[in-house]
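Please look through the model below with a metal site and a helix in mind. The questions that follow take these two topics in turn.

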Amino acid sequence: MYQSPRGTQDILPEDAAVWRYVEQRAAEQARRFGYGEIRTPTFEDVGLFLRGVGSGTDIVDKEIYRFQDKGGSELALRPEATASVMRAYLERGLASRPQPVKLYSLINLFRYDRPQAGRYREFRQFNVEAIGEEDPLSDAEVIAILWRFLEELGLRGLDVLLNSIGDKVCRPGFIQALVEYYRPRVDEICADCRRRLETNPLRLLDCKNARCQPIADGAPKTIDHLCADCAAHFDRLRGYLQAIKLPYTITPRLVRGLDYYTRTVFEVVPPIVGGQSTIGGGGRYDGLAEEIGGKPTPGVGFAAGLDRIIMNLREQGCPLPASEVPDAFFACLGDDAKHCAVMLADRLRREGMAAVVGMGDRSLKARFRQAEASGAPWTIILGENELREQAAQVKNGLTGEQARVPFPDLVLHVTGALPSEAPTT
Ligand SMILES: [Zn+2]
Ligand SMILES: [Zn+2]
């Protein structure tokens with residue numbers, strides 16, 4: 001017996017209905033802001049991720065699914081979306097279209113990570129990018145897409161954490177102030193932080209180690225070191241968010257460790273229960289295009305983990321679609337009746353209804369059990385008598401109504417009398 005690989009899941013029909021609902025809401029929210037869908041390959045040249053995500057990150061150093069194909073190409077399953085979307089923007093000449101190019105995707109991604117609640121090795125994301133524009137309105141838009149998406153799903157108690165980490169003009173000054181603050185405290189910080197102090201000081205701020213918390217809390221803040229352009233960008237972004245009453249919390253310790261990230265960073269976090277992590281986050285990456293060999297191109301975006309969003313929807317008891325049930329179930333006795341049911345079911349299907357014919361050779365009692373298990377509101381009973389009279393017994397399980405309906409009237413009877421909404425179970 002084979003089992004699915006560790007960290008993967010089989011999404012069964014009742015869950016797939018929930019997935020489809022959440023993905024449709026995501027696509028709908030993107031549409032309202034004028035974003036079009038992009039579908040990029042599941043695998044890319046591994047170099048794209050080494051450059052575009054960055055070696056020195058866990059994603060690339062520990063978690064990437066990397067392989068050589070039979071032609072000798074070094075490839076990787078995508079561990080994130082942004083590098084692929086930027087690659088497509090550069091490769092497909094999207095810079096010549098009106099800017100920004102606004103794109104979203106709903107995709108599966110792969111990371112060799114330790115599986116835990118809401119975290120898988122194959123996982124799914126809602127990804128949004130606005131490429132080619134520095135305007136802080138594009139930052140505000142991507143944050144608003146994520147916020148409205150989660151809000152309309154019914155999630156409550158969420159918080160948007162927001163920060164600006166400056167750009168290549170002002171960040172060196174901030175890093176210097178940060179290092180000067182940490183140097184005298186080097187004996188008080190964890191081993192990881194001592195290493196970060198030498199290699200990537202910005203990451204000192206998001207250390208999760210308890211002993212480092214008070215030190216990081218007292219550290220200099222990026223927003224106190226912004227140059228005039230970055231400060232103005234951040235002010236205008238906040239103005240747009242306030243205009244649509246989108247709540248946010250300035251979070252000085254929110255950073256991204258790679259050089260190509262600039263200015264805006266944000267995360268959406270669920271209510272504090274058991275230290276559960278971010279359900280979505282993103283920021284501005286004005287240095288990314290150059291990192292992967294393109295011309296300087298500003299961009300901003302986010303990724304939201306759909307597995308974790310669905311987990312939160314269930315935990316908060318948000319409304320979710322019921323599993324789909326057929327409209328009608330044909331309970332027939334004998335081969336001739338089944339033959340007739342096949343034709344009648346075909347008529348219903350051509351009218352757009354979902355009709356199921358009971359299979360196998362069963363007693364009428366077993367047929368009724370099949371009908372009930374199907375969840376169909378209509379049960380259509382066919383036996384010898386019904387064939388002789390060319391009329392079916394039709395039962396509505398919701399109203400309890402039962403009628404004898406001539407075959408030619410069946411479609412009308414069932415479609416005309418159906419409740420407008422599918423029943424919830
Ligand atoms: Zn630390
Ligand atoms: Zn700046």
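This is a predicted model: local features need pLDDT of at least 70, side-chain atom pairs count only at pLDDT 80 or more; totals for chains, interfaces and linings use all residues.

Q: Which protein donors surround the zinc ion (ligand 2)?

A: The donor atoms lie 2.2 to 2.3 Å from the zinc ion (ligand 2), and along the chain they follow the spacing D-x2-C-x56-C-x2-C. Asp167, in the loop between β7 (159-164) and α6 (171-182), and Cys230, in helix α9 (residues 228-243), are 63 residues apart, so that this pair links distant parts of the chain. The donors are Asp167 (OD), Cys170 (SG), Cys227 (SG) and Cys230 (SG).

Q: Why is the arrangement around the zinc ion (ligand 2) assigned the geometry it has, and what is that geometry?

A: Four donors count as tetrahedral if all angles lie between 85 and 135 degrees. The four donor atoms around the zinc ion (ligand 2) subtend angles of 92 to 122°, and the arrangement is therefore tetrahedral.

Q: How many of the ten residues of helix α11 (residues 306-315) are buried?

A: The buried residues of α11 include Leu306, Arg308, Ile310 and Leu313, and what covers the buried residues includes α1 (13-32), β5 (101-110) and α5 (136-152). Helix α11 is largely enclosed by the rest of the structure, because the number of its ten residues that are buried is eight.

Q: Which residue just after α11 takes a positive phi?

A: The phi angle in question is about 65°, and the residue that takes it, just after α11, is Gly317.

Definitions and conventions. Residues are numbered from 1 along each chain as its sequence is written. Chains are lettered from A and ligands numbered from 1 in the order in which they are written. Side-chain values use heavy atoms; hydrogens and water are left out. Donors are N, O and S atoms within 2.8 Å of the metal (3.2 Å for Na, K and Ca); water is not among the atoms, so sites may look incomplete. Four donors count as tetrahedral if all angles lie between 85 and 135 degrees; four count as square planar and six as octahedral if opposite donors are over 155 degrees apart and all others between 65 and 115; anything else is irregular. Helices (H or I, at least four residues) and strands (E, at least two) are DSSP runs, numbered from the N terminus. Buried means under 20% relative accessible area, exposed over 50%, partly exposed in between (1.4 Å probe, protein chains only). Contact means heavy atoms within 4.5 Å.
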